[in-house]
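User: I'm new to protein structures and would like to learn how to read one. Please take me through this one, a feature at a time.

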Amino acid sequence: MMSSEKISKKSVFKNYKSLILLVLGIVVGCIVGLIYKEKAVVLKPFGQLFLNMMFTAVVPLVFFSLSSSIAKMTNMKRLGKILRHSLMVFVITGIIASVFIIMVVSVFPPAQGVEIDFGGYEEPAKMNILDQVVSAISVNDFNLILSKGAMLPLIIFSITLGYCIRFVSKGNENNSVVSFLDIMAEAFMKMIRIIMLYAPIGLGAYFAALIGEFGSQLLGAYSRAVIMFYPICVAYFLTAFTLYVYFAGGIKGVKVFYKNIFPSVVTSLATQSSIATLPTNLAATKRMNVKDDISNIILPMGATIHMDGTALTSLMKIAFLFGIFGLEFSGIGVWSTAILISVMSGVILSGIPGGGMMGCIMIVSFYGFNPEVLPIVVTIGLLTDAVATMINSTGDVVVSMMVSRTVDGRHWMEKTDGNKEEILGSSAEVSLN
């Protein structure tokens with residue numbers, strides 16, 4: 001009995017070791033940031049090194065995993081079904097997130113009693129919506145597609161290339177090109193595992209710099225909006241996501257989700273990037289028994305165009321600005337346009353740290369607010385970016401479970417070969433093993 005207890009404890013420590021080290025690194029970084037404040041910014045390069053390595057490996061990982069998944073598909077109707085269902089769920093969950101926060105800010109206005117003396121600010125240039133759409137889905141040179149700033153064009157290119165490879169190699173089951181794509185996808189997954197060994201140091205340094213740089217601003221004139229946002233996101237995570245995964249897999253789906261999602265929560269909070277969280281999400285969905293052809297399509301797409309957290313942030317900014325300018329944030333017309341802008345923000349913005357700048361400009365320009373307010377909403381975005389990214393990233397996993405339910409039926413969790421232990425197994429490993 002004692003022996004099995006020891007083995008069990010050793011097994012638990014082995015499964016949770018990487019996560020414990022990661023959390024420990026982040027906690028130490030936060031303490032350093034609180035103690036040394038602005039001086040802790042000197043550690044930022046160590047954190048940036050981790051992000052640079054992660055971004056360098058994630059872009060080709062997305063390309064190879066997405067292309068190989070599409071190229072291996074024997075049923076093109078299934079691909080169309082997955083894409084249709086994904087986009088439908090993206091839009092629906094974005095609208096639900098927007099409605100959720102509208103209900104909250106209507107009861108608790110984020111700018112209540114706030115008085116801010118605006119400084120001078122140059123009015124941003126008017127945006128051409130069609131130009132924004134073109135730049136969001138395409139690039140003007142091939143080399144530009146291999147960039148973290150062009151994730152949506154890369155995803156479109158990868159899906160198209162995978163389809164073309166599949167089309168020209170019909171009947172050829174031992175396609176060397178598909179095998180090459182598979183091997184490269186595995187190789188970059190291995191590279192991510194190696195990079196994650198540096199994660200406790202890199203993320204600890206990044207958090208130290210972040211807390212040192214922005215911690216004091218939480219006590220500023222608009223801290224109410226920032227502080228409100230965190231419990232709103234936690235409430236949305238616990239209520240909406242629980243209902244979504246219950247729809248996807250019932251009670252078992254809820255258990256599997258919460259048993260495996262914590263590494264994605266930690267990684268997204270630490271990196272503030274949906275793209276950097278992709279490898280952790282891929283590992284999580286594998287343990288949840290989501291089929292590769294679904295996760296390899298939805299997760300890269302979701303990292304760019306599925307942003308419930310961005311919808312929540314955008315609505316908070318809009319409600320805050322309405323309060324500052326003494327406008328009534330109420331009525332179907334006001335709420336409808338706010339929801340539309342929030343969902344658009346989730347599509348236009350890419351999943352990189354600080355990617356909310358364009359969304360802020362769009363909000364200020366659309367409503368005709370004094371452009372001097374732009375630095376304030378940008379700072380709100382920076383201070384809420386981590387928890388919003390957490391909602392964005394973990395939401396991609398939720399969508400992959402929901403699409404599995406709609407594409408493969410209610411018993412999708414039992415349809416693959418993975419055993420129960422693997423499905424419900426340890427969720428604590430942030431490294432992909």
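Analyst: Let's start with a pair of helices: helix 10 and helix 11 cross in a right-handed way. Handedness is read from the near helix: turned anticlockwise from the far one by less than a right angle it is left-handed, and if clockwise, right-handed. Helices here are DSSP runs of H or I with at least four residues, strands are runs of E with at least two, and numbering goes from the N terminus. Before we go on, this is a predicted model, where local features need pLDDT of at least 70 and side-chain atom pairs count only at pLDDT 80 or more, while totals for chains, interfaces and linings use all residues. Residues are numbered from 1 along each chain as its sequence is written, and side-chain values use heavy atoms, without hydrogens or water.

User: At what angle do helix 10 and helix 11 pack, and how far apart are their axes?

Analyst: Two packed helices are described by the angle between their axes and the distance between the axes. Here the angle is about 150 degrees and the axes are 10 Å apart. Each axis is a line fitted to C-alpha atoms, for helices over the stretch in contact, with angles from 0 to 180 degrees between N-to-C directions. So helix 10 and helix 11 are roughly antiparallel (under 35 degrees is roughly parallel, over 145 roughly antiparallel, 65 to 115 roughly perpendicular, the rest oblique). On the helix 10 side, the contact (heavy atoms within 4.5 Å) is made by Leu278, Asn281, Leu282, Thr285 and Lys286. Helix 11 brings Asp292, Ser295, Asn296, Leu299, Pro300 and Ala303 to it.

User: How do helix 2 and helix 11 cross?

Analyst: Their axes come within 9 Å and cross at roughly 140 degrees. That makes helix 2 oblique to helix 11. The crossing of this pair is left-handed. Val62, Ser65, Leu66, Ser69 and Ile70 of helix 2 meet Asp292, Asn296, Ile297 and Pro300 of helix 11.

User: Helix 11 keeps coming up. How many of its residues are buried?

Analyst: The count is 13 out of 14, so helix 11 is mostly covered (buried is under 20% relative accessible area, exposed over 50%, partly exposed in between, with a 1.4 Å probe and protein chains only). Helix 11 covers residues 292–305, and at 1.5 Å a residue it should span 20 Å, where the expected span is 1.5 Å times one less than the number of residues. Its end C-alpha atoms are 19 Å apart, which agrees.

User: Where does Thr285 lie, and what does it touch?

Analyst: Thr285 sits in helix 10, and with 0% relative accessibility it counts as buried. Apart from neighbours within four places in sequence, its contacts are Val290, Ser295, Leu299, Val397 and Ser400. Its side chain also reaches the backbone oxygen of Leu282 at 3.0 Å.

User: Which side chain makes a polar contact with Ser264?

Analyst: That partner is the side chain of Asn281, at 2.7 Å. A polar contact pairs N or O atoms within 3.5 Å; within protein, one must be able to donate a hydrogen and the other to accept it, and residues adjacent in sequence count only if both atoms are side-chain atoms. Ser264 is in helix 9, residues 262–271, and is buried at 0%. Beyond four places in sequence, Ser264 is in contact with Thr277, Thr280, Asn281, Ala284 and Thr394.

User: How far apart are Tyr244 and Val398 in sequence and in space?

Analyst: They are 154 residues apart in sequence and 6.9 Å apart in space, C-alpha to C-alpha. Tyr244 belongs to helix 8, residues 223–260, and counts as buried at 9%. Its contacts beyond four places in sequence are Thr93, Ile96, Tyr236, Val398 and Met402.

User: What is phi like at Lys37 and at Asn289?

Analyst: Most residues other than glycine have a negative phi. Lys37 has a positive phi, near 50 degrees, and Asn289 has a positive one near 80 degrees. Lys37 is in the loop between helix 1 (2–36) and helix 2 (44–72), while Asn289 is in the loop between helix 10 (278–287) and helix 11. Lys37 is partly exposed at 45%; Asn289 is buried at 7%.

User: How many helices and strands does the chain have?

Analyst: It has 16 helices and 0 strands. Of its 433 residues, 52% are buried. Among contacts with a separation of 6 or more, 84% come from residues 24 or more positions apart.
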